[in-house]
Amino acid sequence: MITSSSNAKVKEIRKLHDRKYRQVSGLFYLEGLRLIGEAFELGVEIELLVYSPDLLKSDFGNSLLDKAEKKGITKVQVSQDVFKSLALKERPQGIAAVVRQKYSSENSIYEGEKALWIALDSIQDPGNLGTIFRTADACGVEGVILLNQTTDPYDDESVRASMGSIFALKIIKMDFLDFYSLIEKGKIPVIGTSGSAQTDYQTFDYPEKMVLLMGSERLGLQEKHLQICDEVVRIPMIGRADSLNLAVATSVVLYEIFNQRRKRGAR
């Protein structure tokens with residue numbers, strides 16, 4: 001059992017709280033029973049488990065240790081104090097993991113005749129991003145394309161907000177010009193949103209294969225985005241608010257697309 005928070009292995013794990021180290025290492029820190037359970041369920045590449053017997057009391061938690069044993073995953077046992085020095089949760093459950101990040105090929109966007117994708121440009125809030133992952137998973141989205149300076153999808157806040165849905169989606173990173181080239185080459189329709197658009201989001205007939213393009217929290221879709229959209233829709237509002245939270249707006253449109261697809265499937 002490791003009892004010192006200055007242990008070299010513990011210090012390496014703690015570095016994963018920093019975005020720069022996550023980018024360099026290609027790893028991220030994952031904490032909590034549910035998220036680690038989802039990672040096992042979806043075949044995510046787990047490098048090691050770190051746990052504290054004094055904190056890990058549940059049968060489910062111990063079953064995760066058994067799974068790690070069977071898969072040959074390294075287990076690191078630490079004291080309660082050491083685990084708390086790593087933990088990001090106020091009441092840690094005594095188990096965390098070091099996990100390999102996973103990104104899909106840019107050409108994944110061409111797969112599937114009815115695949116629905118979301119493209120997000122320069123999203124800054126990891127909580128918003130994680131919430132979008134969760135809704136995307138619920139609506140059957142194939143994957144999420146992160147454009148330009150979008151926040152780290154493997155930030156702890158993003159992973160927690162996704163409730164594990166991040167593991168069920170394809171994730172692509174690219175700049176806007178590469179994205180434009182890809183959708184032009186594949187002739188994939190792009191649908192955007194804007195408060196000044198003429199088309200109500202509920203009256204538009206969304207294509208089977210498409211990309212929903214959303215802009216940043218502060219700026220929304222800019223002229224360069226609007227120029228590549230095949231259609232731009234608006235979400236009507238009657239109160240004093242002139243905009244919605246990005247994750248909420250994305251969810252509203254996604255569920256309209258989802259419901260249209262359900263109705264087409266029922267016919």
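D205 forms a salt bridge with R264, with 3.2 Å between the closest N and O atoms. The pair links distant parts of the chain: D205 sits in the loop between strand 9 (199-200) and strand 10 (210-214), R264 sits in helix 10 (residues 246-266), and 59 residues separate them. The model is predicted.

- D205 is exposed, because its relative accessibility of 56% is over the 50% cut-off.
- R264 has 22% relative accessibility and counts as partly exposed.
- R264 also forms a salt bridge with E208, where the closest N and O atoms are 3.0 Å apart.
- This second pair again links distant parts of the chain, with E208 in the loop between strand 9 and strand 10 and R264 in helix 10, 56 residues apart.
- E208, at 28% relative accessibility, counts as partly exposed.

**Other salt bridges**

- R160 is partly exposed, with a relative accessible area of 37%.
- D156 counts as buried, because its relative accessibility of 13% is under the 20% cut-off.
- Over the whole structure, the search finds 10 salt bridges.

**Nonpolar cores**

- In soluble globular proteins, nonpolar side chains tend to be buried together.
- The largest nonpolar core here has 52 residues, and those with the most contacts inside it are L30, L49, I95, L120 and Y206.
- Helix 10 supplies the largest share of this core, 6 residues.
- Leaving aside residues up to four places away in sequence, Y206 touches I191, Y201, V233, V253, E256, I257, Q260 and R264.
- A second, separate core has 21 residues, including I172, V211, L221 and C229.

**Helix 4**

- Helix 4 (residues 59-71) has 13 residues, which at 1.5 Å a residue should span 18 Å; the end C-alpha atoms are 19 Å apart, which agrees.
- G61, L64, L65 and A68 are the buried residues of helix 4.
- Seen down the axis of helix 4, these buried residues fall within an arc of 100°, so they line one face of the helix.
- The face turned away from the buried side of helix 4 carries the exposed residues D59, E69 and K70.
- The buried residues of helix 4 pack against helix 3 (33-41), strand 2 (46-51), strand 3 (74-77) and strand 4 (95-100).
- G72 follows helix 4 and has a positive phi, near 75°.

Key: Residues are numbered from 1 along each chain as its sequence is written. This is a predicted model: local features need pLDDT of at least 70, side-chain atom pairs count only at pLDDT 80 or more; totals for chains, interfaces and linings use all residues. Side-chain values use heavy atoms; hydrogens and water are left out. A salt bridge is a side-chain nitrogen of Lys or Arg within 4 Å of a carboxyl oxygen of Asp or Glu. Buried means under 20% relative accessible area, exposed over 50%, partly exposed in between (1.4 Å probe, protein chains only). Helices (H or I, at least four residues) and strands (E, at least two) are DSSP runs, numbered from the N terminus. A nonpolar core is a set of buried Ala, Val, Leu, Ile, Met, Phe, Trp, Tyr and Cys residues joined through side-chain atoms within 4.5 Å. Contact means heavy atoms within 4.5 Å. The expected span of a helix is 1.5 Å times one less than its number of residues. The arc is that of the directions from the helix axis to the C-beta atoms.
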